[in-house]
Amino acid sequence: MIVKGLRVKFGDKVILDDISFELKQGITMLLGPNGSGKTTLLRSIIGMIKAEGEIDVDEDLSYSPAEFYSPRMKVIEVLTAGKKKGEYIKYVKLLGIEKFLDRDFSTLSSGEKKLVLVAKALSEGNLVLMDEPFSNMDFANKYKLIKILNQLKEEKQFLITVHELDLVNYADEVLVLKRGRIVFKGSPKDLSEDLLSEVYEFKIRKYNVNGTTFFAPEF
């Protein structure tokens with residue numbers, strides 16, 4: 001996927017401005033504070049929001065939203081809803097959520113709902129956009145999911161919005177948004193604590209342990 005000169009305005013307010021990048025194979029994580037334009041970027045790519053500029057997508061595109069409300073739908077109905085069809089059972093088993101299939105989606109916890117939406121997105125496309133898939137997940141499911149995504153990254157491309165800086169090390173590439181503009185694009189190891197501190201307006205420290213990069217807030 002190639003994005004060139006993407007611009008989004010709501011009224012007189014510019015939400016995204018001159019967004020350009022080429023998505024590489026593997027896992028690309030999209031960072032930035034609330035209101036920086038991360039969700040708007042994903043929704044622009046899938047055509048949910050009208051945008052100026054060019055978006056060139058050759059792959060089958062799928063999307064896992066941050067939230068999904070379904071009145072009285074079974075999990076299996078959520079998985080198979082829409083025009084796209086995929087190998088739902090394959091990814092349901094991979095994520096270990098077979099026991100949810102006959103339950104009402106609304107009765108699941110927030111983290112369980114995320115797993116269902118991720119399974120749907122994985123089954124429906126090779127270019128997978130995910131909006132905050134790790135939010136509300138417990139420790140085990142969060143790292144189980146990142147492990148699975150790493151197993152799949154040779155056959156799929158991922159563009160994932162995250163707030164969890166502890167997961168950045170698992171990305172192949174990172175994009176950082178601030179006020180609707182890309183202020184960093186590159187490897188996680190090249191991210192600086194000064195840049196992240198400026199973007200989030202909070203002091204963030206960078207640590208290297210046995211060749212692995214970690215970021216954490218400084219109190």
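Reader: Which residues are linked in a network of salt bridges?

Author: As a general idea, side chains of opposite charge can pair when their charged atoms come close. A salt bridge is counted where a side-chain nitrogen of Lys or Arg lies within 4 Å of a carboxyl oxygen of Asp or Glu. In this structure, R7, D17 and R181 are joined in such a network. Within it, D17 forms a salt bridge with R7, and their closest N and O atoms are 3.2 Å apart. D17 belongs to strand β2 (residues 13–22) and R7 to strand β1 (residues 2–10), so the pair ties together parts that are ten residues apart in sequence. The helices (H or I, at least four residues) and strands (E, at least two) are DSSP runs, numbered from the N terminus.

Reader: What should I know about the model and the numbering before going on?

Author: This is a predicted model, in which local features need pLDDT of at least 70 and side-chain atom pairs count only at pLDDT 80 or more, while totals for chains, interfaces and linings use all residues. Residues are numbered from 1 along each chain as its sequence is written, and side-chain values use heavy atoms, with hydrogens and water left out.

Reader: How many salt bridges does the structure hold, and is K120 buried or exposed?

Author: The structure holds eleven salt bridges, and one of them joins the side chains of K120 and E124, at 2.9 Å from N to O. Both residues lie in helix α4 (residues 110–124), four residues apart, which is about one turn of the helix. For accessibility, buried means under 20% relative accessible area, exposed over 50%, and partly exposed in between, with a 1.4 Å probe and protein chains only. K120 has a relative accessible area of 15% and is therefore buried, and E124, with 13%, is buried too.

Reader: Which residue forms a salt bridge with K142?

Author: The partner of K142 is D166, and the closest N and O atoms are 3.3 Å apart. This pair links distant parts of the chain, since K142 is in helix α5 (residues 139–152) and D166 is in the loop between β7 (157–161) and β8 (173–178), 24 residues apart. K142 is buried, with a relative accessible area of 14%, whereas D166 is partly exposed, with 28%.

Reader: At what angle do helices α3 and α4 pack?

Author: In general, two packed helices are described by the angle between their axes and the distance between the axes. The axes are lines fitted to C-alpha atoms, for helices over the stretch in contact, and the angles run from 0 to 180 degrees between N-to-C directions. Helix α3 (residues 88–95) and α4 pack at an angle of about 135°, with their axes 8 Å apart. Angles under 35 degrees count as roughly parallel, over 145 as roughly antiparallel, 65 to 115 as roughly perpendicular, and the rest as oblique. The helices α3 and α4 are therefore oblique to each other.

Reader: Which residues of α1 are buried?

Author: In α1, the buried residues are K38, T40, L41, L42, S44 and I45. Six of the eight residues of helix α1 (residues 38–45) are thus buried, so the helix is largely enclosed by the rest of the structure.

Reader: How should I read phi, and what is the value for D18?

Author: Most residues other than glycine have a negative phi, and most peptide bonds are trans. D18 has a positive phi, near 55°, and is a residue other than glycine. D18 is found in strand β2 and is partly exposed, with a relative accessible area of 48%. N136 is not a glycine either, and its phi is positive, about 70°. N136 sits in the loop between β6 (127–131) and α5, and is exposed at a relative accessible area of 57%. A glycine with a positive phi, near 85°, is G47, which follows α1.

Reader: Where is G32 found, and how far apart are the C-alpha atoms of G32 and G180?

Author: G32 is in the loop between β3 (26–31) and α1, and is buried, with a relative accessible area of 0%. The C-alpha atoms of G32 and G180 are separated by 9.3 Å, although the two residues are 148 residues apart along the chain. As another pair, K13 and I2 are eleven residues apart in sequence and 25 Å apart in space, C-alpha to C-alpha. K13 is placed in strand β2, and counts as exposed at 57% relative accessibility.
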